[in-house]
Amino acid sequence: MRDLLQIQATPTAENAAIRLHPDDNIAIARVPLDQGSFIHIDEINLRTLGAIPAGHKIALRDIAAGENVIRYGCSIGTASIRIAAGSHVHTHNLTFVPAGELSAMSPDERPLPSPPPRVPSFMGYAREDGRAGTRNYVAIAAVSNCAAHVSQQIAAHFANRSLPPGVDGVVAFPHGEGCGHSIGPDTRQLHRVISGVMQHPNVGAGLLIGLGCEVNQISEYPALAGLTLQENGGTRATVQEGVRQVEALLEQAAEVPRTPVPVSKLVLGLNCGGSDSFSGISANPALGSCVDRLVALAGTAVLAETTEIFGAESLLLNRARNPEVARKLIACVQAYRAYLARFGGSFDDNPSPGNKQGGLTNIVEKSLGAVAKGGTAILAEVVDYAERIPALPGLVFMNTPGYDPVSLTGLAAGGVNVIAFTTGRGSAIGFPTVPVLKISSNTSIYDRMRENIDVNAGGIMDGSATVSEVGQVIFDRLLEVASGTQTSSERLGHQEFVPWRIGPVL
């Protein structure tokens, strides 16, 4: 990607638009451009033939109908009609072209990075299974929707209470699943989710609540304590008993203090939501720079959202640790393609109206920017939704939807202990037990939603910072968050939790 060091804050003909790769036949408007605006990029001089919104694409030369439109040095589709130089390039003249079959691109075994002799530390919670927590919660999870209300009532009892030192709170995991499932992959996946969030390093102790007759039985979780409404005498009696048991769990959780733990214990979840065209230029590459720093210290980063790597899979496949890992990634994409086909869907259904308003035309363009969150690290492993994430230095990919609350739920259930979330249009999402650090791609959304954003990567677009500099800011802020500093979503009380239901409702 082109070095953005020379971007100046004041728009000029030379910096009003950005060409990201020498092969690109389009540029990205850094600011809104009026019709007739003059642009000078490399040896190209042109005037816009119409108004171009910020973040949208401008043709740098005439592009014939059927010719590839190039961004990041890669094709993002073909021109559906002839596009004149200086024209706006978007959904009206750019056609999505589905990718063909994938093949493994990593024939040899690649060694994982060796940990350095000394790594920095953060103040975390060392757990008996070798993982480390960045928070210390008591969690109450409903095993089905029929117990969701009671789980919330128990947690609400402790909302305004003084808790023992070192305990971050009592949180509930209500949801709409747990019964009416077909028995099989769907129930097994929900079991992974509930087990994962309850046996998470950020949870010091927990309690399950069920109705008693649902498909997702408490008996399926022998390692966890649980109550049912039917055995305990109904709603009010179960709330009372749950409160009594949580009182004891609070003391149990308080027994584990924060202590210094190495940064290699960080498992960083990567997600994006409300993306715009600037996301792939500023926030996502900056987060990728942070990931490279973490991996160099033997930490783990987890890229998710299978629907948002489509068309950019080769950028991950050619970094796979071995052919087996590459084949696992290909299998995820193929299975997701078949899943969408059952409902007449396409990967290109992913870009939302907000994504398109922000300049992203199709899923290939969105994916090419989204994978930048993963930096340049080796793709060490691929796991299914909510599967336990192995402690490997490098990048892990998790098969999740692109829908933010479902993706975050899968990452958390897999064991990420902190999440970095980039956004261009703005996002307010959080998670009950895992801190979510928000990173804006542009200063405009940071100024409008400052209460929700932790780090502004818009300085990259404004000319006041580089990708590497913002990557360092993100890394430093993550260490602060891992040691207990609250994120914006935590301060605002966001606790979104949505398991992925893949099968029919019975």
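Predicted model: local features only at pLDDT ≥ 70, side-chain atom pairs only at ≥ 80, totals over all residues.
## Basis

Local features need pLDDT of at least 70 and side-chain atom pairs count only at pLDDT 80 or more, whereas totals for chains, interfaces and linings use all residues. Residues are numbered from 1 along each chain as its sequence is written, and side-chain values use heavy atoms, with hydrogens and water left out.

## Nonpolar cores

The largest nonpolar core has 113 residues. Such a core is a set of buried Ala, Val, Leu, Ile, Met, Phe, Trp, Tyr and Cys residues joined through side-chain atoms within 4.5 Å; buried means under 20% relative accessible area with a 1.4 Å probe, protein chains only. Helix α7 (residues 323-341) gives the most to this core, with nine residues; helices are DSSP runs of H or I of at least four residues, strands runs of E of at least two, numbered from the N terminus.

Leu 208, Leu 379, Ile 439 and Ile 474 have the most contacts inside the core. A second, separate core of 23 residues includes Ile 140, Ala 147, Ala 172 and Leu 207.

## Helix α4

Helix α4 (residues 235-254) has 20 residues and reaches 28 Å from first to last C-alpha, close to the 28 Å expected at 1.5 Å a residue, the expected span being 1.5 Å times one less than the number of residues. Among its buried residues are Val 239, Val 243 and Leu 250. The buried residues of α4 pack against elements including β14 (203-210) and α3 (229-232), with contact meaning heavy atoms within 4.5 Å.

## Lining of the cavity

Helix α9 (residues 363-370) gives the most to the lining of the largest cavity, with four residues.

Conventions
Buried < 20%, exposed > 50% of the residue type's maximum accessible area, 1.4 Å probe, protein only.
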